[in-house]
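The following paragraphs guide a new reader through one protein model. Please keep the sequence and the structure in view while reading.

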Amino acid sequence: MATRKLRNVQGYRVLDEAARQRRLKRQLEALERDNHHDDPHQNVPQITHKLPSFSDGETGRRVRRSKTEVRIKQRFRRTFTALLEELQNDEEAKSKPNYLTIAAPPSKFPERKFCAVCGFPSAYTCVACGARYCSVRCLGTHKDTRCLKWTA
């Protein structure tokens with residue numbers, strides 16, 4: 001196809017495969033940018049007053065942690081990005097399988113396709129954007145809320 005976007009007889013845009021792949025890549029990058037941040041609740045103070053114990057222990061006594069142990073754990077707490085950076089700089093960890101180097105071989109089974117609306121197995125593809133759907137109801141939801149709405 002010479003043009004990137006075509007007009008169908010019914011009036012909606014139809015994307016070729018390259019445009020669909022670019023659109024999908026942009027959506028995934030937007031999700032990654034949106035999801036990559038520190039925990040917004042990390043500076044919220046912890047509950048410090050005594051909570052009731054509902055354990056059925058024989059002695060009825062609770063094991064108490066020292067306050068300094070709790071303070072040390074909170075003071076030196078690291079974020080996931082800090083742990084990844086530390087892992088990249090550690091020479092000993094590079095020789096062992098870790099979060100950055102672990103990989104699974106490709107599957108010997110065909111790729112499974114799921115509905116973009118509800119997540120059930122899908123058998124149909126949207127003509128305009130290439131998203132998968134499983135039923136007429138999901139197609140209606142897709143057309144109303146998702147199909148070519150944000151990026152094209």
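A salt bridge is a side-chain nitrogen of Lys or Arg within 4 Å of a carboxyl oxygen of Asp or Glu. By this rule the model contains one salt bridge. It joins the side chains of Arg20 and Glu17, with a distance of 4.0 Å from N to O. Both Arg20 and Glu17 belong to helix α1, where they stand three residues apart, about one turn of the helix. Side chains of opposite charge can pair when their charged atoms come close. Glu17 is partly exposed, because its relative accessibility of 48% falls between the limits (buried means under 20% relative accessible area, exposed over 50%, and partly exposed in between, with a 1.4 Å probe and protein chains only).

The model is a predicted one, in which local features need pLDDT of at least 70 and side-chain atom pairs count only at pLDDT 80 or more, while totals for chains, interfaces and linings use all residues. Residues are numbered from 1 along each chain as its sequence is written, and side-chain values use heavy atoms, with hydrogens and water left out.

The protein chain as a whole comes next. It has five helices and four strands; helices (H or I, at least four residues) and strands (E, at least two) are DSSP runs, numbered from the N terminus. In sequence order the pattern is β-β-α-α-α-α-β-β-α. Of the 152 residues of the chain, 13% are buried. The chain exposes about 13600 Å², of which carbon and sulfur atoms supply 55%; accessible areas come from the Shrake-Rupley method with a 1.4 Å probe, and for residues only the protein chains shown count as cover.

Which residues does His142 contact, beyond its neighbours within four places in sequence? They are Val117, Cys126, Cys129, Ala131 and Cys147, where contact means heavy atoms within 4.5 Å. His142 is found in helix α5, residues 136-145, and is buried, with a relative accessible area of 3%.

Ala131 is also in contact with Thr125, as are Gly130, Arg132 and Tyr133, when neighbours within four places in sequence are left aside. Thr125 is placed in strand β3, residues 124-125, and its relative accessible area of 34% makes it partly exposed. Its C-alpha atom is separated by 9.9 Å from that of Lys113, twelve residues apart along the chain.

Phe114 lies in the loop between α4 (91-94) and β3. It is partly exposed, with a relative accessible area of 39%. Not counting residues up to four places away in sequence, Phe114 touches Gly119, Phe120, Pro121, Ser122 and Arg132. Between the C-alpha atoms of Phe114 and Ala131, 17 residues apart along the chain, there are 9.4 Å.

The second largest pocket is lined by 14 residues, and Arg23, Leu24, Cys129, Gly130 and Ala131 lie nearest its centre. On a 1 Å grid over the protein atoms alone, a pocket is an open set of points where a 1.4 Å probe fits, with protein on both sides within 12 Å along at least five of seven lines, and lining residues have an atom within 4 Å of a point. Helix α1 (residues 17-35) supplies six residues, the largest share of the lining.
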